[in-house]
Structures are given as structure tokens and as C-alpha cells.
Amino acid sequence: MALRKTIEGARLLFRNFAGREGQYNREGDRNFAVVIEDKALVKSMEEEGWNIKYLTPRDDEDEPTAYLQVSVNYGGKFPPKVVMITERLGKRIRTDLDESSVESLDWVDISSADMTLNPYEWSVQGKSGIKAYLKSLFVVINLDELESKYAEVPYQDEIEESEDDLDAA
């Protein structure tokens, strides 16, 4: 029986948190791929039956890159916990993402990602394996140079809130 896997400092590929239909994706299927650089982890996951795939290297001297396709399912009893970590005015800010906002991860500049994956053991017509489902994901976003430059400029809603507070006083 396969156990949950936690992968830290990961790179994400083929992001489709929105569940867009495409050449390799049915409409509504949210998923992404995680690069697994720890060779011992790759070996143990392959032995357990996880569906590890490999990217062909660009240079002949390079080794193939191991990755795992991960499903993001909001239809079950226990939806995944997805958290985006950003920075403003030198403070880290934590934002929980739900089914309607998780698609923002398709386009952000990700610095690193830590995740826990749930295994789902399947068997169909004599074939079997383990499919990865996202349990939790914490994504750290790279700070944009201009965002950093203008971080002290308040947002419009922050100005309106402070004006409302003054009017109430």
C-alpha cells in the first residue's frame, strides 16, 4: 500500500489549475505536473507503482527529468488545501485559494512549491498503478520588481476603507 508523499521545493510544469480543455486534457480536469529531482524518491515511487514519467533531455549529456502528473479534485469530500504565499511591504501574506481562484496559479511566477500527495490505487483490465491527487499545496510567488517598487502605494479599496472609517467617527 502506497503512502502519502510530501515533496518540498518543487518545480511545477504543465499547469492547468483552471481545467481548460486542450490536446491532452478534458474540460474540467484540473492538474499539473511536479518535477521530482530526488532520485531515491523517484525509485521508491516507481517501485510502489506511481505513474512517473520522463521528459526527454534537450542535450545528449543531460539525464531525463522525472515528473508526476497530479490531479486537483474539488468534487470529493475533502478538497485540496491550496495556499499562495506573496509578499507586500516586507511581510509574507498567505492567501487560501478555492475552486474559483486556484486557476490564478496557471500564470503566476512561482518561486517554489511544497505539496502533499494522496495516492489512489487503481486497477483496470489487468493494469494497475497509483494516481496522484493533491492533498495540500503551498506556493511561494516571486516578487515582481515593479510590485516591490510600488508596494507602499495603497490600493483604491484601502483608501476608501480609511475614508469610511473617518466618516463613521
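The model is predicted, so a few ground rules apply: local features need pLDDT of at least 70, side-chain atom pairs count only at pLDDT 80 or more, and totals for chains, interfaces and linings use all residues. Residues are numbered from 1 along each chain as its sequence is written, and side-chain values use heavy atoms, with hydrogens and water left out.

**Overall build**

The protein has nine strands and three helices. Here helices (H or I, at least four residues) and strands (E, at least two) are DSSP runs, numbered from the N terminus. Reading from the N terminus, the order is β-β-β-α-β-β-β-β-β-β-α-α.

On size, the radius of gyration is 20 Å, while a compact globule of 169 residues would sit near 15 Å. That radius is taken over C-alpha atoms, and the globule rule is 2.2 Å times the number of residues to the power 0.38. The C-alpha trace spans about 70 × 45 × 30 Å along its principal axes.

Of the 169 residues, 31% count as buried. Buried means under 20% relative accessible area, exposed means over 50%, and partly exposed is in between (1.4 Å probe, protein chains only). The accessible surface comes to about 11900 Å², and carbon and sulfur atoms own 47% of that. Those areas come from the Shrake-Rupley method with a 1.4 Å probe; for residues, only the protein chains shown count as cover.

Take the contacts (heavy atoms within 4.5 Å). Among those between residues at least 6 apart in sequence, 59% join residues at least 24 apart.

As for charge, there are 21 positive and 35 negative ones, and their mean positions are 9 Å apart. Lys and Arg count as positive and Asp and Glu as negative, with His and the chain ends not counted. Each charge is placed at NZ of Lys, CZ of Arg, CG of Asp or CD of Glu.

**Strand β1: Lys5 and Ile7**

Lys5 belongs to strand β1 (residues 5–10), and Ile7 lies in strand β1 too. Lys5 is buried, at a relative accessible area of 12%. Its side chain makes a polar contact with the side chain of Glu48 (3.1 Å). A polar contact is a pair of N or O atoms within 3.5 Å; within protein, one must be able to donate a hydrogen and the other to accept it, and residues adjacent in sequence count only if both atoms are side-chain atoms. Not counting residues up to four places away in sequence, Lys5 touches residues including Leu41, Trp50 and Met115.

Ile7 counts as buried at 7% relative accessibility. Beyond its neighbours within four places in sequence, Ile7 is in contact with Val34, Ile36, Leu41, Ala113, Asp114, Met115 and Leu117.

**Loop residues**

Asn25 sits in the loop between β2 (12–16) and β3 (30–35). Asn25 is buried, with 12% relative accessible area, and its side chain makes a polar contact with that of Asn31 (2.7 Å). Leaving aside neighbours within four places in sequence, Asn25 is in contact with Asn16, Gly19, Arg20 and Asn31.
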